[in-house]
Amino acid sequence: MLVAGIMKTSVTTISPLATVREALMKMKESGVKSLVVEKRHSGDAYGLIAYRDVARSVIADAGDIDLLNVYDIAQKPALQVSQHLEIRYLARLMIQYSVKGVLVIDNNELQGFVSDTDVVSHLIDRAVSGR
């Protein structure tokens, strides 16, 4: 099966110029643990900001959520794959780079997002159905 079969196409994004407070509020409102950081221009890369980035920058480093912008702490460029990649290779990449979420990009445009939960849920579904 391909990444396209398990990715989420509804992705919550945020401007790189938003404050970390705004990012946290958007995460809470959307019920997500990470946000895709929008590109600033066509040649730019997408980023990702997750709970762990906030924990590292704000809690561990005593940063201020009102003074830090998303671009200050986001992972950029974020790890990305094509929707045409087989899930087993996605899983290997996620393990190799110790990431919980990966952007799905084709032609430098965001197509979706896939998390480690999506990968494991697919495995569970396969096990239950006997495939």
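**View A. Pairing of I14 with V37 in the predicted model.** In this predicted model, I14 stands opposite V37, a residue of strand β2. The two strands concerned, β1 and β2 (residues 34-37), pair in the parallel sense, and two bridges join them. They belong to an open sheet of three strands, arranged in the order β1-β2-β3, in which the pairing is mixed. The edges of this sheet are formed by β1 (13-14) and β3 (47-50), each of which pairs on one side only.

**View B. The antiparallel pair β2 and β3.** Strands β2 and β3 run antiparallel and are joined by four bridges, one of the residue pairings being that of V36 with its bridge partner L48 in β3. In a regular strand, side chains alternate between the two faces of the sheet. In β3, G47 and I49 point one way, whereas L48 and A50 point the other way, and all of these residues are buried.

View C. Helix α4 spans residues 87-96, and its residues I87, L90 and M94 are buried. Viewed down the axis of α4, the buried residues fall within an arc of 55°, and therefore they line one face of the helix. The partners against which these buried residues pack are the strands β4 (80-81), β5 (101-106) and β6 (109-115), together with helix α5. On the other side of α4 lie R92, I95 and Q96, which are exposed. Just after the helix, S98 adopts a positive phi of about 50°.

**View D. The hairpin of β5 and β6.** Strands β5 and β6 pair in the antiparallel sense, with six bridges between them. Within this pairing, I105 has L110 of β6 as its bridge partner. Two residues lie between the strands of the hairpin, in which N107 takes a positive phi near 55°.

**View E. The salt bridge between E109 and K39.** Side chains of opposite charge can pair when their charged atoms come close. E109 forms a salt bridge with K39, and the closest N and O atoms of the pair are 3.1 Å apart. This pair links distant parts of the chain, since E109 is located in strand β6 and K39 in the loop between β2 and β3, 70 residues apart. The two partners can also be described by their accessibility: E109 counts as partly exposed because its relative accessibility is 38%, whereas K39, with a relative accessible area of 17%, is buried. A search of the whole structure finds six salt bridges, and the pair of E109 and K39 is a salt bridge of this kind.

View F. D53 and R56 form a salt bridge in which the closest N and O atoms are 2.9 Å apart. Both residues lie in helix α2 (residues 51-60), where they are three residues apart, about one turn of the helix. D53 counts as buried because its relative accessibility is 0%, while R56, at 43% relative accessibility, counts as partly exposed.

**View G. The salt bridge between E86 and R88.** E86 forms a salt bridge with R88, with the closest N and O atoms 2.8 Å apart. E86 has a relative accessible area of 32% and is therefore partly exposed, and R88, for which the relative accessible area is 46%, is partly exposed as well.

View H. V120, I124 and V128 form a nonpolar patch on the surface, and together they have about 290 Å² of accessible area. V120 is placed in helix α5 (residues 116-129), and it counts as partly exposed because its relative accessibility is 45%. H122 is also placed in helix α5, but this residue counts as buried, its relative accessibility being 12%. When residues up to four places away in sequence are not counted, H122 touches M1, I6 and I87.

Methods. Residues numbered from 1 in each chain as written. Predicted model: local features only at pLDDT ≥ 70, side-chain atom pairs only at ≥ 80, totals over all residues. Heavy atoms only, no water. Pairing = 2+ DSSP bridges. Patch = residues over 30% accessible without salt bridge, like charges linked within 9 Å, V, L, I, M, F, W, Y side chains within 5 Å. Areas by Shrake-Rupley, 256 points an atom, 1.4 Å probe, with all protein chains shown as cover. Salt bridge = Lys/Arg side-chain N within 4 Å of Asp/Glu carboxyl O. Buried < 20%, exposed > 50% of the residue type's maximum accessible area, 1.4 Å probe, protein only. Arc of directions from axis to C-beta. Contact = heavy atoms within 4.5 Å.
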